[in-house]
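Try each task before you read its solution.

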Amino acid sequence: MKKIMAAGIILSVLGMVLALVPQFILPVCDTMVGLPNGNFVPMGCHYMGIVVTMGGILAALTGFSLAIIHSADAALVLGIWSVVDSFATVIVSIGVIGTCKNAKMPCRMGTQPAVLLLCALITIVGAVEVFWGIKRKKGGV
C-alpha cells in the first residue's frame with residue numbers, strides 16, 4: 001500500500017512539473033506569426049504548450065487519486081491511464097502540433113526535451129503502478 005501511495009505522490013509531482021514546464025519553467029515561444037490577411041496568431045508551439053499543460057494536470061490528478069485510493073484495481077486502472085495520458089501528450093503536442101522548425105528556438109531547445117523526459121518518467125511510474133496492481137490482485141492483497 002505504501003508503494004502505491006508513493007507512486008501516486010511521485011506521479012502527482014511529475015504531473016505538476018509537466019504542467020508548469022511550457023508556461024513557467026521552460027516557456028514556449030511567444031512570437032506571433034503574421035497571416036496574409038494582416039492578422040497575427042500565436043506560433044504552433046503556443047498550442048503545444050496548452051496540450052502539455054493539460055496532460056500534466058491530468059497526470060497530477062491521476063497521481064493524487066492514486067495516493068488517496070490504495071486498492072490494486074485503482075493502481076491498475078490509474079497506471080494504465082497515466083501511460084495513455086503521457087503517450088497522448090507526446091503524440092499530440094510534439095507529433096501533431098509540433099514545435100518551431102528552427103532548432104535554436106526555446107521550444108525546441110528546452111521545452112521539447114523536458115516534455116519528452118517528463119512523459120517518459122510518467123510512463124515508467126505508470127508501468128510500475130500497473131505491475132504493482134497486477135501483483136497485488138494475484139496475491140489477493
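Contact here means heavy atoms within 4.5 Å. This is a predicted model, in which local features need pLDDT of at least 70, side-chain atom pairs count only at pLDDT 80 or more, and totals for chains, interfaces and linings use all residues. Residues are numbered from 1 along each chain as its sequence is written, and side-chain values use heavy atoms, with hydrogens and water left out.

**Exercise 1. Find the place of Ser12, and say whether Ser12 is buried or exposed.**

Step 1: Look in helix 1, where Ser12 is found. Helices (H or I, at least four residues) and strands (E, at least two) are DSSP runs, numbered from the N terminus.

Step 2: Check the accessibility. Buried means under 20% relative accessible area, exposed over 50%, and partly exposed in between (1.4 Å probe, protein chains only). Ser12 counts as buried because its relative accessibility is 11%.

Step 3: List the partners. With neighbours within four places in sequence left aside, Ser12 touches Ala60, Gly63 and Phe64, all by contact.

**Exercise 2. Describe the overall layout of the chain.**

Step 1: Count the elements: there are 4 helices and 2 strands. Their order along the sequence is α-β-β-α-α-α.

Step 2: Take the dimensions. The C-alpha trace spans about 65 × 20 × 20 Å along its principal axes.

Step 3: Ask how much is hidden. Of the 141 residues in the chain, 41% are buried.

Step 4: Consider contacts with a separation of 6 or more; 77% of them join residues 24 or more positions apart.

**Exercise 3. Which residues have the most contacts inside the largest nonpolar core?**

Step 1: A nonpolar core is a set of buried Ala, Val, Leu, Ile, Met, Phe, Trp, Tyr and Cys residues joined through side-chain atoms within 4.5 Å.

Step 2: Read off the answer: Leu18, Cys45 and Val115 lead in contacts within this core of 26 residues.

Step 3: See who contributes. Helix 1 (2-25), helix 2 (44-68), helix 3 (72-97) and helix 4 (106-139) each give at least two residues, and helix 4 provides the largest share, 7 residues.

Step 4: Zoom in on Val115. Beyond its neighbours within four places in sequence, Val115 is in contact with Leu18, Val21, Val52, Ser93 and Ile94.

**Exercise 4. Where does helix 4 bend, and by about how many degrees?**

Step 1: Compare the length with the expected span, which is 1.5 Å times one less than the number of residues. Helix 4 has 34 residues and reaches 48 Å from its first C-alpha to its last, close to the 50 Å expected.

Step 2: Locate the bend, meaning the angle between axes fitted to the seven residues ending at a residue and the seven starting there. Helix 4 bends by about 25 degrees at Gln112, and Pro113 follows within four residues.

**Exercise 5. Which residue forms a salt bridge with Lys137?**

Step 1: Apply the cut-off: a side-chain nitrogen of Lys or Arg lies within 4 Å of a carboxyl oxygen of Asp or Glu. The structure holds 1 such salt bridge.

Step 2: Name the partner, Asp73, whose closest N and O atoms with Lys137 are 2.5 Å apart. The pair links distant parts of the chain, with Asp73 in helix 3 and Lys137 in helix 4, 64 residues apart.

Step 3: Asp73 is partly exposed at 41% relative accessible area, and Lys137 is partly exposed at 46%.
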